[in-house]
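Have the model open in your viewer and turn it as you read. The tour goes through the sheet, then the helices, then the cores.

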Amino acid sequence: MDRKQVMAMFNKETRIGALATANKSGEVNAAVFGSPRMIDEDTVIMAIGDNRSYRNLQENPKASFLVVEPGQAPATWKGVRLYLEVDSMERYGELLDSFREKIRELAGDRSANAIVAAVRFKVTEVRPLIAPAD
């Protein structure tokens, strides 16, 4: 799957996505996120609240995002694994404001006000959802 196809799948509203992070001690966290968007073939952006994922990313900038489009059976599922590294965490500014505005429209003030940062990731590797001899 080329990165243009990855972007199309990543940015679908119907996909399921999970972010995996680890802190500096290696304690792992996985969480479902709906806000991430792939804005070009090498960049993912997302809104984040003050949660375990956010704290982990402050200690360890490496993460993985799993995108899944369920099918009739696991063998027919589509998906991709993106390996990421934090490029920036913006606690104020235009990107954060745009995330808050969109979240406010979709989920209300409480959800929008819970967002503390906009994270910009560099995509370091793209792998299929299921790969033989992984």
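What follows is a walk through the fold, piece by piece.

## Ground rules

This is a predicted model: local features need pLDDT of at least 70, side-chain atom pairs count only at pLDDT 80 or more, and totals for chains, interfaces and linings use all residues. Residues are numbered from 1 along each chain as its sequence is written, and side-chain values use heavy atoms, with hydrogens and water left out.

## The sheet

Start with the strands (DSSP runs of E, at least two residues, numbered from the N terminus). Seven of them make an open sheet in the order β2-β1-β5-β6-β7-β4-β3, with antiparallel pairing; two strands count as a pair if DSSP finds at least two bridges between them. The edges are β2 (28-32) and β3 (37-40), each pairing on one side only. Ignoring direction, neighbouring strands are turned by 30° against each other on average; axes here are lines fitted to C-alpha atoms, for helices over the stretch in contact, and angles run from 0 to 180 degrees between N-to-C directions.

Now go across the sheet. β1 and β2 form a hairpin with five residues between them, and Gly-26 in the turn has a positive phi of about 90°. Five bridges join this antiparallel pair, while six bridges join β1 to β5, also antiparallel. Thr-21 is a handy landmark: it stands opposite Asn-29 in β2 and opposite Ala-63 in β5. Ala-20 has Ser-64 of β5 as its bridge partner. β5 pairs with β6 over eight antiparallel bridges, with Val-68 partnered by Gly-79 of β6. Ten bridges then join β6 to β7, again antiparallel, and Leu-82 stands opposite Val-126 in β7.

## How the helices sit

Helices are DSSP runs of H or I, at least four residues, also numbered from the N terminus. α2 lies across β1 (16-22), β2, β4, β5, β6 and β7, running at about 45° to β1. Helix α3 (residues 94-107) packs on the sheet too, touching β4, β6 and β7, and its direction makes about 95° with that of β7. Contact means heavy atoms within 4.5 Å.

Which residues of α2 are buried? They are Ser-53, Tyr-54, Asn-56 and Leu-57, where buried means under 20% relative accessible area, exposed over 50%, and partly exposed in between (1.4 Å probe, protein chains only). Seen down the axis of α2, these buried residues fall within an arc of 165°, so they line one face of the helix; the arc is that of the directions from the helix axis to the C-beta atoms. At the start of α2, a side-chain oxygen of Asn-51 comes within 3.2 Å of the backbone nitrogen of Ser-53. That is a polar contact: a pair of N or O atoms within 3.5 Å, where within protein one must be able to donate a hydrogen and the other to accept it, and residues adjacent in sequence count only if both atoms are side-chain atoms.

In α1, the buried residues include Val-6, Met-7, Met-9 and Phe-10. Down the axis of α1, its buried residues also fall within an arc of 165°, so they line one face of the helix. Their cover includes β3, β4, β5, β6 and β7. At the start of α1, a side-chain oxygen of Asp-2 reaches to within 3.0 Å of the backbone nitrogen of Lys-4.

## The nonpolar cores

A nonpolar core is a set of buried Ala, Val, Leu, Ile, Met, Phe, Trp, Tyr and Cys residues joined through side-chain atoms within 4.5 Å. The largest one has 23 residues, and those touching the most other members are Leu-19, Met-38, Val-44, Ile-48, Leu-82, Leu-84 and Phe-121. α1 (3-10), β4 (43-49), α2 (52-59), β5 (62-69), β6 (78-90) and β7 (115-128) each supply at least two residues, with the largest share, five residues, coming from β7. A second, separate core of nine residues includes Ile-45, Ala-47, Leu-95 and Ile-115.

## A buried serine

Take a look at Ser-35, in the loop between β2 and β3. Ser-35 counts as buried because its relative accessibility is 18%. A polar atom of the Ser-35 side chain lies 3.1 Å from the backbone nitrogen of Ala-47. Leaving aside neighbours within four places in sequence, Ser-35 is in contact with Ile-45, Met-46, Ala-47 and Phe-99.
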